[in-house]
Amino acid sequence: MAGLLLSFAIAHSGLAALRPWAEQRIGPRLYRLCFALVSLPLATVLVIYFFNHRYDGLQLWQVQGLPGIKPTVWVLSAISFLFLYPATFNLLEIAAIQKPEVHLYETGIIRISRHPQMVGQVIWCLAHTLWIGSTFMVLTSLGLILHHLFGVWHGDRRLQARYGKSFETLRSRTSILPFLALFQGRQTFVWQEFLRPSYLGVFLFIGLLGWAHPLLMRATASVAW
(Lines give C-alpha, C1' and ligand atoms only; values in the text may rest on other atoms or scores of the structure.)
Protein backbone atom coordinates (compact mmCIF):
# COMPACT_ATOMS: atom_id res chain seq x y z
CA MET A 1 0.00 0.00 0.00
CA ALA A 2 2.85 2.36 0.77
CA GLY A 3 4.27 1.64 -2.69
CA LEU A 4 0.92 2.34 -4.37
CA LEU A 5 0.48 5.58 -2.44
CA LEU A 6 4.00 6.71 -3.31
CA SER A 7 3.51 5.86 -6.99
CA PHE A 8 0.27 7.83 -7.13
CA ALA A 9 1.81 10.78 -5.29
CA ILE A 10 4.80 10.94 -7.64
CA ALA A 11 2.63 10.69 -10.74
CA HIS A 12 -0.07 13.09 -9.55
CA SER A 13 2.18 15.78 -8.08
CA GLY A 14 4.84 15.30 -10.74
CA LEU A 15 2.36 15.90 -13.55
CA ALA A 16 0.97 18.91 -11.68
CA ALA A 17 4.49 20.35 -11.50
CA LEU A 18 4.93 19.78 -15.24
CA ARG A 19 1.69 21.57 -16.11
CA PRO A 20 3.14 24.95 -17.21
CA TRP A 21 5.82 23.25 -19.34
CA ALA A 22 3.40 20.69 -20.81
CA GLU A 23 0.62 23.15 -21.61
CA GLN A 24 3.01 25.28 -23.65
CA ARG A 25 3.92 22.28 -25.77
CA ILE A 26 0.75 20.22 -26.13
CA GLY A 27 -1.98 22.62 -24.97
CA PRO A 28 -4.21 22.64 -21.85
CA ARG A 29 -6.79 20.16 -23.14
CA LEU A 30 -4.34 17.47 -24.19
CA TYR A 31 -2.39 17.97 -20.97
CA ARG A 32 -5.59 17.47 -18.95
CA LEU A 33 -6.33 14.30 -20.90
CA CYS A 34 -2.83 12.94 -20.24
CA PHE A 35 -3.14 13.86 -16.57
CA ALA A 36 -6.43 11.95 -16.31
CA LEU A 37 -5.13 8.93 -18.22
CA VAL A 38 -2.31 8.58 -15.68
CA SER A 39 -4.05 9.61 -12.45
CA LEU A 40 -7.41 7.86 -12.79
CA PRO A 41 -6.09 4.30 -13.36
CA LEU A 42 -3.67 4.68 -10.46
CA ALA A 43 -6.46 6.00 -8.24
CA THR A 44 -8.72 3.10 -9.27
CA VAL A 45 -6.04 0.57 -8.32
CA LEU A 46 -5.61 2.33 -4.97
CA VAL A 47 -9.32 2.26 -4.20
CA ILE A 48 -9.71 -1.42 -5.09
CA TYR A 49 -6.63 -2.45 -3.12
CA PHE A 50 -7.74 -0.36 -0.14
CA PHE A 51 -11.21 -1.93 0.00
CA ASN A 52 -9.82 -5.45 -0.30
CA HIS A 53 -7.11 -5.07 2.35
CA ARG A 54 -8.46 -2.49 4.80
CA TYR A 55 -8.45 -4.97 7.70
CA ASP A 56 -4.96 -6.35 6.99
CA GLY A 57 -2.28 -6.24 9.65
CA LEU A 58 -2.94 -5.91 13.35
CA GLN A 59 -6.30 -4.86 14.77
CA LEU A 60 -5.35 -1.98 17.06
CA TRP A 61 -8.86 -1.26 18.35
CA GLN A 62 -12.45 -2.31 17.71
CA VAL A 63 -15.11 0.32 18.34
CA GLN A 64 -17.67 -0.55 15.66
CA GLY A 65 -20.14 -1.90 18.20
CA LEU A 66 -20.07 1.14 20.45
CA PRO A 67 -23.16 3.40 20.49
CA GLY A 68 -22.93 6.43 18.24
CA ILE A 69 -19.75 5.38 16.44
CA LYS A 70 -21.38 4.52 13.11
CA PRO A 71 -23.37 7.80 12.83
CA THR A 72 -20.26 9.73 13.84
CA VAL A 73 -18.20 8.10 11.09
CA TRP A 74 -20.91 8.73 8.49
CA VAL A 75 -21.29 12.39 9.50
CA LEU A 76 -17.53 12.96 9.45
CA SER A 77 -17.28 11.24 6.07
CA ALA A 78 -20.05 13.46 4.65
CA ILE A 79 -18.31 16.57 5.97
CA SER A 80 -15.03 15.39 4.47
CA PHE A 81 -16.57 15.27 1.00
CA LEU A 82 -17.84 18.83 1.37
CA PHE A 83 -14.17 19.79 1.63
CA LEU A 84 -12.80 17.21 -0.80
CA TYR A 85 -15.14 18.47 -3.53
CA PRO A 86 -15.44 22.16 -2.67
CA ALA A 87 -17.50 23.07 -5.77
CA THR A 88 -14.99 25.70 -6.83
CA PHE A 89 -14.10 23.78 -9.96
CA ASN A 90 -15.63 24.19 -13.38
CA LEU A 91 -16.69 20.67 -14.39
CA LEU A 92 -16.42 21.62 -18.05
CA GLU A 93 -12.76 22.51 -17.48
CA ILE A 94 -12.14 19.25 -15.63
CA ALA A 95 -13.50 17.34 -18.61
CA ALA A 96 -11.47 19.61 -20.93
CA ILE A 97 -14.65 20.65 -22.76
CA GLN A 98 -13.69 24.19 -21.87
CA LYS A 99 -10.05 25.23 -21.85
CA PRO A 100 -8.62 24.20 -18.44
CA GLU A 101 -7.35 27.19 -16.49
CA VAL A 102 -5.58 27.82 -13.17
CA HIS A 103 -7.72 30.01 -10.91
CA LEU A 104 -7.28 31.99 -7.71
CA TYR A 105 -10.42 31.38 -5.66
CA GLU A 106 -11.46 33.29 -2.55
CA THR A 107 -15.11 32.32 -2.30
CA GLY A 108 -17.23 29.61 -0.72
CA ILE A 109 -15.31 27.02 1.22
CA ILE A 110 -11.98 28.66 0.32
CA ARG A 111 -12.89 31.28 2.93
CA ILE A 112 -12.78 28.45 5.50
CA SER A 113 -9.54 26.89 4.24
CA ARG A 114 -7.30 27.71 1.28
CA HIS A 115 -6.70 23.97 0.88
CA PRO A 116 -10.09 22.33 1.46
CA GLN A 117 -9.07 19.04 -0.13
CA MET A 118 -6.36 18.60 2.48
CA VAL A 119 -8.86 19.31 5.26
CA GLY A 120 -11.34 16.88 3.75
CA GLN A 121 -8.72 14.16 3.42
CA VAL A 122 -7.68 14.52 7.06
CA ILE A 123 -11.30 14.29 8.23
CA TRP A 124 -11.93 11.26 6.00
CA CYS A 125 -8.80 9.53 7.29
CA LEU A 126 -9.66 10.20 10.93
CA ALA A 127 -13.20 8.83 10.46
CA HIS A 128 -12.13 5.68 8.64
CA THR A 129 -9.15 5.02 10.91
CA LEU A 130 -11.50 5.23 13.90
CA TRP A 131 -13.94 2.80 12.27
CA ILE A 132 -11.48 0.23 10.88
CA GLY A 133 -8.72 0.38 13.49
CA SER A 134 -6.15 -1.73 11.61
CA THR A 135 -2.45 -1.06 11.08
CA PHE A 136 -3.17 -1.10 7.32
CA MET A 137 -5.67 1.73 7.79
CA VAL A 138 -3.23 3.71 9.93
CA LEU A 139 -0.53 3.41 7.26
CA THR A 140 -2.99 4.35 4.51
CA SER A 141 -4.17 7.41 6.43
CA LEU A 142 -0.62 8.56 7.16
CA GLY A 143 0.29 8.20 3.50
CA LEU A 144 -2.76 10.11 2.27
CA ILE A 145 -2.32 12.90 4.81
CA LEU A 146 1.40 13.28 4.04
CA HIS A 147 0.63 13.49 0.32
CA HIS A 148 -1.96 16.20 0.90
CA LEU A 149 0.36 18.14 3.22
CA PHE A 150 2.95 18.04 0.46
CA GLY A 151 0.20 19.19 -1.91
CA VAL A 152 -0.40 22.24 0.30
CA TRP A 153 3.23 23.31 -0.04
CA HIS A 154 3.42 22.31 -3.70
CA GLY A 155 0.16 24.02 -4.62
CA ASP A 156 1.08 27.29 -2.90
CA ARG A 157 4.49 27.19 -4.54
CA ARG A 158 2.98 26.79 -8.03
CA LEU A 159 0.41 29.53 -7.44
CA GLN A 160 3.14 31.82 -6.13
CA ALA A 161 5.20 31.24 -9.27
CA ARG A 162 2.21 31.86 -11.52
CA TYR A 163 0.47 34.79 -9.84
CA GLY A 164 3.12 36.41 -7.64
CA LYS A 165 1.72 39.38 -5.72
CA SER A 166 -1.90 38.42 -6.40
CA PHE A 167 -1.33 35.10 -4.64
CA GLU A 168 0.45 36.86 -1.77
CA THR A 169 -2.69 38.97 -1.30
CA LEU A 170 -4.87 35.86 -1.37
CA ARG A 171 -2.61 34.06 1.10
CA SER A 172 -2.79 37.02 3.49
CA ARG A 173 -6.60 36.79 3.53
CA THR A 174 -6.96 33.00 3.78
CA SER A 175 -5.60 30.22 5.96
CA ILE A 176 -4.58 26.60 5.62
CA LEU A 177 -6.07 25.62 8.99
CA PRO A 178 -9.88 25.68 8.72
CA PHE A 179 -11.60 28.76 10.18
CA LEU A 180 -8.32 30.36 11.30
CA ALA A 181 -8.56 33.35 8.93
CA LEU A 182 -12.21 33.82 9.95
CA PHE A 183 -11.34 33.76 13.66
CA GLN A 184 -8.49 36.22 13.09
CA GLY A 185 -10.72 38.63 11.19
CA ARG A 186 -8.76 38.30 7.95
CA GLN A 187 -11.75 36.75 6.18
CA THR A 188 -15.53 36.93 6.30
CA PHE A 189 -18.05 34.12 5.86
CA VAL A 190 -20.59 34.67 3.08
CA TRP A 191 -23.21 31.94 3.34
CA GLN A 192 -24.91 33.03 0.09
CA GLU A 193 -21.87 31.73 -1.82
CA PHE A 194 -22.91 28.19 -0.91
CA LEU A 195 -26.29 28.60 -2.62
CA ARG A 196 -24.99 27.28 -5.90
CA PRO A 197 -26.04 24.29 -8.03
CA SER A 198 -22.53 22.87 -7.72
CA TYR A 199 -22.87 22.55 -3.95
CA LEU A 200 -26.23 20.83 -4.42
CA GLY A 201 -24.38 18.42 -6.69
CA VAL A 202 -21.92 17.72 -3.87
CA PHE A 203 -24.77 16.86 -1.48
CA LEU A 204 -26.34 14.59 -4.09
CA PHE A 205 -22.97 12.92 -4.63
CA ILE A 206 -22.62 12.30 -0.88
CA GLY A 207 -26.07 10.70 -0.79
CA LEU A 208 -25.33 8.57 -3.85
CA LEU A 209 -21.98 7.46 -2.41
CA GLY A 210 -23.62 6.45 0.86
CA TRP A 211 -26.19 4.41 -1.01
CA ALA A 212 -23.62 2.80 -3.32
CA HIS A 213 -21.02 2.11 -0.62
CA PRO A 214 -22.02 -1.57 -0.08
CA LEU A 215 -22.22 -2.12 -3.84
CA LEU A 216 -18.74 -0.64 -4.26
CA MET A 217 -17.29 -2.96 -1.62
CA ARG A 218 -18.88 -6.00 -3.23
CA ALA A 219 -17.61 -4.95 -6.66
CA THR A 220 -14.03 -4.47 -5.48
CA ALA A 221 -14.13 -7.79 -3.60
CA SER A 222 -14.61 -9.53 -6.95
CA VAL A 223 -11.20 -8.23 -8.09
CA ALA A 224 -8.41 -10.55 -6.89
CA TRP A 225 -5.90 -7.87 -5.86
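A salt bridge is taken here as a side-chain nitrogen of Lys or Arg within 4 Å of a carboxyl oxygen of Asp or Glu. The structure holds five of them. This is a predicted model, in which local features need pLDDT of at least 70 and side-chain atom pairs count only at pLDDT 80 or more, while totals for chains, interfaces and linings use all residues. Residues are numbered from 1 along each chain as its sequence is written, and side-chain values use heavy atoms, with hydrogens and water left out.

Side chains of opposite charge can pair when their charged atoms come close. One of the salt bridges joins Glu23 to Arg19, with 2.7 Å between the closest N and O atoms. Both residues lie in helix H2, four residues apart, or about one turn of the helix. Helices (H or I, at least four residues) and strands (E, at least two) are DSSP runs, numbered from the N terminus. Glu23 has a relative accessible area of 15% and is therefore buried; Arg19, at 13%, is buried too. The cut-offs are under 20% relative accessible area for buried and over 50% for exposed, with partly exposed in between (1.4 Å probe, protein chains only).

Another salt bridge is formed by the side chains of Glu106 and Arg173, at 2.7 Å from N to O. Glu106 lies in the loop between helix H5 (91-94) and H6, and Arg173 in helix H8 (residues 165-173), so the pair ties together parts that are 67 residues apart in sequence. Arg173 is partly exposed, because its relative accessible area is 35%.

The side chains of Arg114 and Asp156 also meet in a salt bridge, with an N to O distance of 2.9 Å. Arg114 is in the loop between H5 and H6 and Asp156 is in helix H7, so this pair ties together parts that are 42 residues apart in sequence. Arg114 and Asp156 are both buried.

Next comes the nonpolar interior. A nonpolar core is a set of buried Ala, Val, Leu, Ile, Met, Phe, Trp, Tyr and Cys residues joined through side-chain atoms within 4.5 Å. The largest such core has 16 residues, and Met1, Phe50 and Trp124 touch the most other members. At least two residues each come from helices H1 (2-17), H3 (28-53), H4 (69-84), H6 (116-132), H7 (135-163) and H10 (197-221). H7 supplies the largest share, four residues.

Contact means heavy atoms within 4.5 Å. Apart from its neighbours within four places in sequence, Phe50 is in contact with Met1, Trp124, Ile132, Phe136, Met137 and Thr140. A second, separate core has nine residues, among them Phe83, Ile112, Ile123 and Tyr199.

A polar atom of the His128 side chain lies 3.0 Å from the backbone oxygen of Trp124. Not counting residues up to four places away in sequence, His128 touches Ser77, Gly133 and Met137.

Last is the surface. Ile26, Leu30, Leu33 and Leu37 make a nonpolar surface patch of about 370 Å². Patches are made of residues with over 30% relative accessible area and no salt bridge, like charges being joined within 9 Å and nonpolar side chains (Val, Leu, Ile, Met, Phe, Trp, Tyr) within 5 Å. Accessible areas come from the Shrake-Rupley method with a 1.4 Å probe; for residues, only the protein chains shown count as cover. H3 gives the most to the patch, with three residues. Ile26 lies in helix H2 (residues 19-26) and counts as partly exposed because its relative accessibility is 39%.

How values were computed. A polar contact is a pair of N or O atoms within 3.5 Å; within protein, one must be able to donate a hydrogen and the other to accept it, and residues adjacent in sequence count only if both atoms are side-chain atoms.
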